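Have the sequence and the 3D view open, and follow along.

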Amino acid sequence: MSFIDLTTLIEAAFIPLSVAAYFLYVSGQKAVTDLVQNKEFITFQNVYFLPYFMALFSDWLQGPYVYKLYSYYGFPQEQIAVLYVVGFASSVIFGTTTGPIADKFGRKKMVVIFCLLYSLCCLTKLSPNFFILLVGRILGGISTSILFSVFESWYIHEHTITWKYPLDWVSLTFSKATFFNGLLAIFAGIIAQVSSDWIGFGPVSPFIIAMPFLLVASAIILNNWPENYGERDLKWSGSCIEGLKTIMNNKKILALGLVQSLFESNMYIFVFLWTPVLEPGLPPIGLTFSSFMIAIMIGSSVYSILLKNGMKPDVILRYCLSTMGVSMLVCAVTSSPEFHKELVSVSYISFLLLEVSVGMYFPCIGRLRGETIPDSLRANIMNWFRVPMNIITCGALLGMHTTHGQGSRANQVIFLLCALSSFLGYLISVSFSKIPKPSSSEENFLKTEKHEVSHA
């Protein structure tokens, strides 16, 4: 295929993808409406969604322009790689502490702290000083750990403990959140491009625009969210270790954490790889990114429809992992130096399929975490789940950097490893389904034992 074929394919696919996303969303919402007609629950959802979507929107505003800003400031690729690795390392080192702090001192407080820390992270982007930007990456790593754990922990506690809604309805919330997350990403990309490129404010403008959304979100949370907690009896250091011990002692939680780490590390590696893989086809970056987000929206609607038709979340999770594995395997072939330029359009189609699996995955894993992880240590355990994910992603990023001179062959190897890890995740997900949940007597014994240890 010639270079122009990829651009033509992306442009030709955009409208059909958008139409498919709309009709699948309507079908998915009909399934949701059939399941839930509780106006009080919908109001509760909206209280959660408004500040959460503002936080996600601010995150999407920044994401596509981080690398571009560092290049704009004149940093070489080696220093940019260091900045990225520091961000992931920060999430590994400090992320495990944000969960216990949230569980002990309050999840609402920690979410407000997230808004303030992420605003400071945006402020550091105004400086071209490498060490200030390094501090910003540390703040960003801490902030993303909170964003992807504490918000969900607060919601599930309110959903199941405070309001006592059925656990099945958690999936409905996460499916809707995933759909609108894709929509927000598209709008954020347009606003970022308009402010940065068309108006000419430069690549720092998306970070400036993100700050008001974070500050307004913090004000809404302070006024509208009640506080909730996890395990408050344990000392802070003990709480950190307790989360890890719970994971290691509970095979079902351990299996779920391994699946999450494998899937999401592959997802983040894809984020780094898709641009250089498609680059020979000279794709329109903004339109390509938007088409990926539409594919995620399609995936979230497919999840709602499958759930309505009686498919269990753990079975859907297997579909997500197998779909990602097949997509990565195809890309391992199409990214080879021998076929790369000729098969770049096939790589794009595989990426779309991968993003559909991502859209199905997020509401699915949210539901399974809600069923599996104890509320008392929820944010703590969720941040421990992110540790291996960040380590794997860092390793892949450093590997891509050190093998940069070997061209597409390095990408091919990484795609193959991602395919293998996806299929490994599939096997673990099968084991997860077979592991029985602890009986009520076992849970009560563990709670009593933990209570006695914390007061010893």
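Phe 41 and Trp 169 are both buried. This is a predicted model, so keep that in mind as you read, because side-chain atom pairs count only at pLDDT 80 or more. Here's the rundown by topic.

**Aromatic pairs**

- The structure holds 41 aromatic pairs, and one of them is made by Phe 41 and Trp 169, with a tilted arrangement.
- In that pair, the ring centres are 4.9 Å apart and the planes are at 55° to each other.
- Phe 41 belongs to helix α2 (residues 39–62) and Trp 169 to helix α8 (residues 169–198), so the pair links distant parts of the chain, 128 residues apart.
- Phe 179 and Phe 180 also pair up, this time edge-to-face, at 5.5 Å centre to centre with 80° between the planes.
- Buried or partly exposed: what is Phe 180? With 25% relative accessibility, Phe 180 counts as partly exposed, whereas Phe 179 is buried, at 7%.

**Charges over rings**

- Arg 137 lies over the face of Tyr 84, 4.9 Å from the ring centre.
- Lys 252 places its charged end over the ring of Phe 432, at 4.0 Å from the centre.

**Around Ala 210**

- You'll find Ala 210 in helix α9 (residues 205–224).
- Ala 210 counts as buried because its relative accessibility is 0%, and the cut-off for buried is under 20%.
- Setting aside neighbours within four places in sequence, Ala 210 is in contact with Ser 58, Leu 61, Gln 62 and Cys 122.
- Trp 60 is 150 residues from Ala 210 in sequence, yet their C-alpha atoms are 8.9 Å apart in space.

How values were computed. Residues numbered from 1 in each chain as written. Predicted model: local features only at pLDDT ≥ 70, side-chain atom pairs only at ≥ 80, totals over all residues. Heavy atoms only, no water. Helix = DSSP H or I, 4+ residues; strand = E, 2+ residues; numbered from the N terminus. Buried < 20%, exposed > 50% of the residue type's maximum accessible area, 1.4 Å probe, protein only. Contact = heavy atoms within 4.5 Å. Phe/Tyr/Trp six-rings, centres within 6.5 Å; stacked < 30°, edge-to-face > 60°. Lys NZ or Arg CZ within 6 Å of the ring centre and 35° of its normal.
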